[in-house]
Amino acid sequence: MTTDERIATLESRIDHLQEAHRIVVGQLAQAHIDQWQGRIDDLELQVRLGTADATDRIAVLTTELNTRWRQARAQLASASATTTEVTDTIRTGLESAYKDVRDAVVESRKQLT
């Protein structure tokens, strides 16, 4: 095998690895989105089980969380190449909204006791 053939083979392998990496990053981003959907569903169940006076406050926060989740899902769907930076930005926004809702639920439970 000549040097040019080796280089061509290596370039081809690099191209395949880059494509595989792009696919894995996309799958990871989708897994994060799915995980957040489960967490949101769990929070919505907690909201339904909460007290009536806390429901309005938590409902607003849950709506905001769902809006952020839909925006993240839309960004993921429209992105032609998902990068780690986009995934981190999405995760940070969702974590912030999730924390707000969770804190409100915890606070309402404390008020009941």
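Author: The account below takes the cavity and then the aromatic rings in turn.

This is a predicted model, in which local features need pLDDT of at least 70 and side-chain atom pairs count only at pLDDT 80 or more, while totals for chains, interfaces and linings use all residues. Residues are numbered from 1 along each chain as its sequence is written, and side-chain values use heavy atoms, without hydrogens and water.

The structure holds 1 cavity of 30 Å³ or more; a cavity is a set of points on a 1 Å grid over the protein atoms alone where a 1.4 Å probe fits but cannot get out. The space in the largest cavity is about 60 Å³, a volume being the space filled by probe spheres set on the points. Its lining (residues with an atom within 4 Å of a point) consists of Ala29, His32, Ile33, Trp36, Leu76, Thr87, Ile90 and Arg91. H1 gives the largest share, 4 residues.

Trp36, one of the lining residues, is buried at 3% relative accessibility, where buried means under 20% relative accessible area with a 1.4 Å probe, protein chains only. Trp36 forms an edge-to-face aromatic pair with Tyr98, at 5.4 Å centre to centre and 70° between the planes; rings pair if their centres lie within 6.5 Å, and planes over 60 degrees apart count as edge-to-face. Because Trp36 lies in helix H1 and Tyr98 in helix H3, the pair ties together parts that are 62 residues apart in sequence. Tyr98 is also buried, with a relative accessible area of 14%.

Conventions
1 Å grid on protein atoms, 1.4 Å probe; cavity = no way out; pocket = protein on both sides within 12 Å on 5 of 7 lines; lining within 4 Å. Helix = DSSP H or I, 4+ residues; strand = E, 2+ residues; numbered from the N terminus. Phe/Tyr/Trp six-rings, centres within 6.5 Å; stacked < 30°, edge-to-face > 60°. Buried < 20%, exposed > 50% of the residue type's maximum accessible area, 1.4 Å probe, protein only.
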